[in-house]
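Here are my notes for you, one topic at a time. Have the model open while you read.

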Amino acid sequence: MMWRDWSDFWYDCADFFFGKQMDRAYKQGIRAGSEYAARNISNKIHNVKTKEMTKTQRVGHDAAVEAMIVAKKEIMRQTGAML
């Protein structure tokens, strides 16, 4: 294999020696990011004052809560995140 410049060579060396560790770090980052995002969205949905909402707003809020439950299950299945 011919390298176009030294950065390709160093990247290939790093991939050869640390490829598995970089893959694990990437997966861990995806898992941590999805946990943070899901918890943040879930907290914002659950911390809304529903007593001040109209009936239509409450129906929409309930739908958002149900959608979040389904989404969290899917995130847990795909990433292994603990939510």
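The points below cover a helix pair and then a salt bridge.

1. Some ground rules: this is a predicted model, in which local features need pLDDT of at least 70 and side-chain atom pairs count only at pLDDT 80 or more, while totals for chains, interfaces and linings use all residues. Residues are numbered from 1 along each chain as its sequence is written, and side-chain values use heavy atoms, leaving out hydrogens and water.

2. Look at helix α1 (residues 6-46) and helix α2 (residues 55-79), which pack at an angle of about 165 degrees with axes 10 Å apart. That makes α1 roughly antiparallel to α2 (the word applies to angles over 145 degrees). Helices here are DSSP runs (H or I) of at least four residues, and axes are lines fitted to C-alpha atoms over the stretch in contact, with angles from 0 to 180 degrees between N-to-C directions.

3. Which residues of α1 and α2 make the contact? On α1 they include Ile30, Ser34 and Ile41, and on α2 they include His61, Met68 and Ile75; contact means heavy atoms within 4.5 Å.

4. Now for charges. The whole structure has one salt bridge, meaning a side-chain nitrogen of Lys or Arg within 4 Å of a carboxyl oxygen of Asp or Glu. Glu74 pairs with Arg77, their closest N and O atoms being 2.6 Å apart. Both sit in α2, three residues apart, about one turn of the helix.

5. Glu74 is partly exposed at 32% relative accessible area, whereas Arg77 is exposed at 59% (buried is under 20%, exposed over 50%, partly exposed in between, with a 1.4 Å probe and protein chains only).

Terms used
Helix = DSSP H or I, 4+ residues; strand = E, 2+ residues; numbered from the N terminus. Parallel < 35°, antiparallel > 145°, perpendicular 65-115°, else oblique.
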